[in-house]
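Hi there,

Here's the structure I promised to pass on. Have a look at it first, and then read on for what turned up.

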Amino acid sequence: MEKKYDIIIIGTGTAGRSFAGKVAHSGLKIAIIDSREYGGTCPLRGCDPKEVLTNTAGVTDSNNRLIGKGVGIGTPLKLDWTSLIEFKKTFTEGYSSKTEKHLVEMGIDTYHGRAHFENQNTVIVGEDKLKGEYIFLATGARPRKLNIPGEEYVTTSEKLLETKKLPDKIIFIGGGYISMEFAHVARRTGAEVTILHRSERILGAFDSDMVNLLVKASEASGIKILINKPVVSIEKDENGFLVKTKSKSETEPETQIFRTDMVVHGAGRVADIENLRLENAGVKTEKGAIVVDKHMRTSNSRIYAGGDCALEGVQLTPVASLQGEVAAINVLEGDSVEADYKGIPSAVFTIPVLASVGISVFKDSDKYKVIFQDRSNWYTTRKAGMEFAASKVIIDEANDRIMGAHILGPNAEEAINVFAAVMRLGFKASDIKRLIFTYPTTCSDIPYML
């Protein structure tokens, strides 16, 4: 059955919902499609439920850091994984139905199923053929295929969030934020945790100096981080799994085998577009993602894209929200705005947290003034019982602009927003000196980071 719409949205994650919210009251006829539960990755199987875990892990670790410093419990606490997962479910259960209900209340027709293009303006979903004047693609991302023997034995982060009992030994493949965050949570349950990373550097999107400190903090907590260890195969036997790596180091054996109870996929995510048949719609892709311009428009002038499936921007929830809004405005008003990615912060919710905004350079940069502060002995670090904390601020002295900021330590995920706001609004570095913060807080440390 063929139906005509002014706008068709494929995907109900952050980008899709942001787009829908902007166009819902335009008087246009709108349809939205999702092949999975309505809501997308972030609230159902990504950053929101994950943050429930990392927050509780942080509380547990905070208690243990302060034993003998005012906390009277002599025995270190362990995170109770089983009850934590039950608590996590209170945030995800019912979210999908509420999301769909809200979309229906906004006057949007909802569809369920895997969509694909028949031609440049027609989408097939199940038994329905939908023809759209405009189409917005927000299909998100999925775990990257490892293409190794035994890949079927790997547990994704989504499955990990549903695991009721955590085993004693866990190996994470890849040194990205997914592995690092879940490794810190798992370690606080008492599990033996190892990260196997294929190249020289973990957390490649973050400042290398700060990452090196985070590695030290991670190893001090008992997490093993092994670099230059690409996983080449996984085997299953009666005692668990055997993970085989091929070493890139000349001083180590060419191959090594690690025994574990669980193998978790943390090797990155890629755009979920392989079943869309984008070629039928004349939509170009590069590097496995949809090519868009600053207006979020694809090579087909009637089709826009945003969020993790788009090549433009990084895979962050705030970026997906921004892109969805930009695309919606441009559909309604004729490409009148461009996506502005200046001053968008990110964080890896480890213990301690590492937060970042803007560019990253080495300490000895000639082009910019780089201010590195070892904050391990600062009041806000010591009162939290933390050992590792630092900051790096990068300033273009020619115009007094902050080009980048990186914070490791207590409340870094909150403090970084001050730097992000200064950068996004075009303020000067010296303007920070004029701000007055609540004291004593991590934000009150900010002027001393400069």
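How many cavities of 30 Å³ or more does the structure hold? There is one. Before the details, keep in mind that this is a predicted model.

The cavity
The largest cavity has a volume of about 40 Å³. If you want to find it on screen, pick out the residues that line it: Pro143, Thr156, Ser157 and Ile178, plus the run His265, Gly266, Ala267, Gly268 and Arg269. Sorted by class, that lining has five polar residues, three nonpolar ones and one charged one.

Next, go to strand 2, which covers residues 30-34. Is it enclosed, or is it open? Five of its five residues are buried, so strand 2 is largely enclosed by the rest of the structure. You can check this face by face: Ile30, Ile32 and Asp34 are buried on one side, and Ala31 and Ile33 are buried on the other.

Which strands does it pair with? One partner is strand 1 (residues 2-10), which runs parallel to strand 2 and pairs with it over four bridges. Here Ile8 stands opposite Ala31 of strand 2. To get from strand 1 to strand 2, the chain goes through helix 1 (residues 14-23), and this β-α-β crossover is right-handed.

Strand 3 (residues 109-112) is another partner: four bridges join it to strand 2, and the two run parallel. In this pair, Asp34 stands opposite His112 of strand 3.

Notes. Residues are numbered from 1 along each chain as its sequence is written. This is a predicted model: local features need pLDDT of at least 70, side-chain atom pairs count only at pLDDT 80 or more; totals for chains, interfaces and linings use all residues. Side-chain values use heavy atoms; hydrogens and water are left out. On a 1 Å grid over the protein atoms alone, a cavity is a set of points where a 1.4 Å probe fits but cannot get out, and a pocket is an open set with protein on both sides within 12 Å along at least five of seven lines; lining residues have an atom within 4 Å of a point. Grid points are joined across faces, edges and corners, and a volume is the space filled by probe spheres set on the points. Ala, Val, Leu, Ile, Met, Phe, Trp, Tyr, Cys and Pro count as nonpolar, Asp, Glu, Lys and Arg as charged, and the others, Gly among them, as polar. Buried means under 20% relative accessible area, exposed over 50%, partly exposed in between (1.4 Å probe, protein chains only). Two strands pair if DSSP finds at least two bridges between them. A crossover is right-handed if, with the strands pointing away from the viewer, the path from the first strand over the helix to the second runs clockwise.
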